[in-house]
Amino acid sequence: MNAGWVAIRAGGRRGWIELRHTFTTPSDLVTLVVWTAILLTVMLWMRTTTVPGTHFSLGTAMLASMIGMTVAFNGLATLGGILTVEREDGTLLRAKATPNGMTGYLIGKVITVSGTIAIGVAATLITGAFLFSGLAVGSAATWLTLIPVLLIGLLATLPIGAVLGSLFPSARSAGLLTLAIGGLAAISGIFYPITHLPHWLQWIGQAFPMYWLGLGTRSALLPANLASVEIGHSWRHLATFGVLTAWAVAGLLVAPLLLRWVARRESGSSVAARREKVLRQVAG
Amino acid sequence: MSVLNWSGVLSPHVARLAPGEPAGDLVLDVRDLRMRYGRNDVLSGVSFTARRGEVLALLGPNGAGKTTTIEILEGFRMRSSGQVSVLGTDPAHGGEAWRARIGVVLQSWRDHGKWQVRELLAHLGSYYAPYAAPGLPRPWDVDELIATVGLDEQARQRVRRLSGGQRRRLDVAIGIVGRPELLFLDEPTAGFDPEARREFHDLVHRLADREEATIMLTTHDLDEAEKLADRILILAGGRIVADGSADELSRRMSTQAEVRWSRDGQRFVHSADEPTRFVRELFRQYGESVEDLEVRRASLEDTYMALVRQAETGAGLGGDEVTRTFTVVAG
């Protein structure tokens with residue numbers, strides 16, 4: 001059998017196994033549940049507040065945005081974080097020492113992270129459908145928009161996540177990445193209509209994929225008249241797919257180069273050196 | 001009986017090929033390997049070879065360049081200059097098929113903590129299946145491999161719950177899961193208890209004998225090097241200062257042997273240049289009253305210390321004086 005094909009299948013198995021690990025490791029599971037619970041609580045709080053200028057529940061609107069944010073956050077921060085951690089603990093080097101191991105490793109990661117996102121999205125949607133009114137989960141049109149948005153969103157964020165993971169020198173500095181992406185969520189219209197922010201912040205928000213993912217999932221799940229609080233009073237579907245595609249293309253062009261560069265630099269002593277540095281920081 | 005000769009001078013490479021020997025049997029062929037970081041020469045002309053089935057131990061003080069050398073051979077690090085051939089391929093351009101023939105066990109792995117032992121071995125093994133050849137099934141059968149390294153009871157345990165010694169055995173198992181023709185072991189028994197060490201030594205012997213694998217290991221344990229290695233390379237000051245079996249090395253360095261005996265309940269120790277003559281003289285003088293006689297050649301440790309010291313102080317003399325080759329002449 002062809003060795004490349006064997007590695008692709010091994011990558012698929014790897015993704016599945018690691019996904020199973022996430023859901024059988026208590027600490028991982030608790031993080032996931034607590035995170036979802038906190039967000040749902042906040043949204044429940046906002047249930048009776050209305051989106052300014054409408055009679056629509058702000059909590060429901062946030063939930064729709066949150067689906068997009070889940071994709072962006074996991075695609076960027078989770079994948080990036082995993083890559084820096086696994087560079088440090090030697091997983092990447094192990095992949096490098098295995099024939100076609102890097103192919104299998106990357107496919108596995110994409111599957112694990114996409115799977116985590118899919119489960120997170122499903123959990124939020126199912127609970128949301130019961131707890132919130134006004135989500136259009138029953139119509140075919142919703143899914144015809146939601147699924148393409150989620151898929152292009154994954155393509156737009158995963159490669160960029162890999163790029164960020166390659167650039168951050170240590171797992172510690174990758175913590176900053178999580179913070180930065182949290183900050184990005186605040187200016188991406190996830191929690192509150194972006195039209196209420198100063199213009200210059202709106203422009204910054206629109207430069208990144210998170211805004212467009214949130215806009216896309218809102219457009220799929222919320223009634224058409226809520227477009228009135230968006231920029232240009234429109235869901236801007238064309239622009240959404242245009243910007244997300246641009247990010248996807250940029251990421252897919254840069255990520256393989258950077259990953260190859262990172263992989264080439266991995267060796268036993270680089271792993272050991274990073275480990276020592278971490279130990280020194282902990283001790284000092 | 002064998003007689004040992006060595007010349008004091010040397011060719012830039014210690015690679016020794018007797019006339020008529022097939023070069024195709026060489027698994028490692030390193031000539032004048034140099035590595036320079038900025039203005040600092042870590043390796044300044046390392047040369048050695050290894051044949052199929054040979055076990056090589058690379059010894060040397062910390063910072064001598066052992067890890068750098070091994071990483072260059074593993075294809076994980078680019079060299080500054082020199083010729084390197086590993087299984088007939090330059091490791092700087094080794095492809096995936098070449099990679100499949102090599103096993104690597106590094107000093108510190110902490111990866112795959114959430115995986116179960118058996119799950120991980122089966123997964124990593126699956127990448128090697130396309131590289132099986134007639135008479136060379138790849139990968140190693142997982143359960144057989146787990147039994148070989150003695151992890152049967154831990155097969156379903158998560159990797160991060162393993163003890164230090166168990167984790168190391170898993171590392172070795174991963175290193176050999178693809179049935180490598182060449183295996184690199186970087187300080188494989190650090191943190192082993194004596195029993196685990198003994199079991200590991202048996203495993204290395206089995207790999208070299210039954211699997212005909214070539215093994216290159218680094219260690220700080222001279223006793224281990226002596227037990228495992230067919231040949232010992234000592235790396236000091238960026239070059240190979242000795243290349244030979246443990247026995248050859250100690251004979252080469254020891255001009256003196258230690259003679260111990262007791263007479264009338266009193267113990268004596270004497271360092272003799274020619275121990276045989278000394279002992280003959282001893283018996284001539286005291287005859288049957290000599291008891292508990294022991295004659296000891298310099299240990300590998302003595303040899304090692306002497307060679308390293310010589311290499312370090314002799315660094316200014318120019319390398320040729322430091323590097324020596326010797327040949328064993330059967331007689």
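**Stop one: strands in chain B**

Start by selecting residues 257–263 of chain B, strand β11, along with residues 266–272 of chain B, strand β12: the two pair in the antiparallel sense over seven bridges. Strands here are DSSP runs of E with at least two residues, helices are runs of H or I with at least four residues, and both are numbered from the N terminus. Two strands pair if DSSP finds at least two bridges between them.

A word on the model before you click on. It's a predicted one, where local features need pLDDT of at least 70 and side-chain atom pairs count only at pLDDT 80 or more, while totals for chains, interfaces and linings use all residues. Residues count from 1 along each chain as its sequence is written, and chains are lettered from A and ligands numbered from 1 in the order in which they are written.

Now click W261(B); its bridge partner in β12(B) is F268(B). Next, go to the turn: β11(B) and β12(B) form a hairpin with two residues between them, and D264(B) in that turn has a positive phi of about 55°.

Pick R260(B) and look across to E294(B), its bridge partner in β13(B).

**Stop two: chain A**

Switch to chain A and colour by secondary structure: you'll get 11 helices and zero strands. Zoom out, and the C-alpha atoms of chain A fill a box of roughly 60 × 50 × 35 Å, taken along the principal axes.
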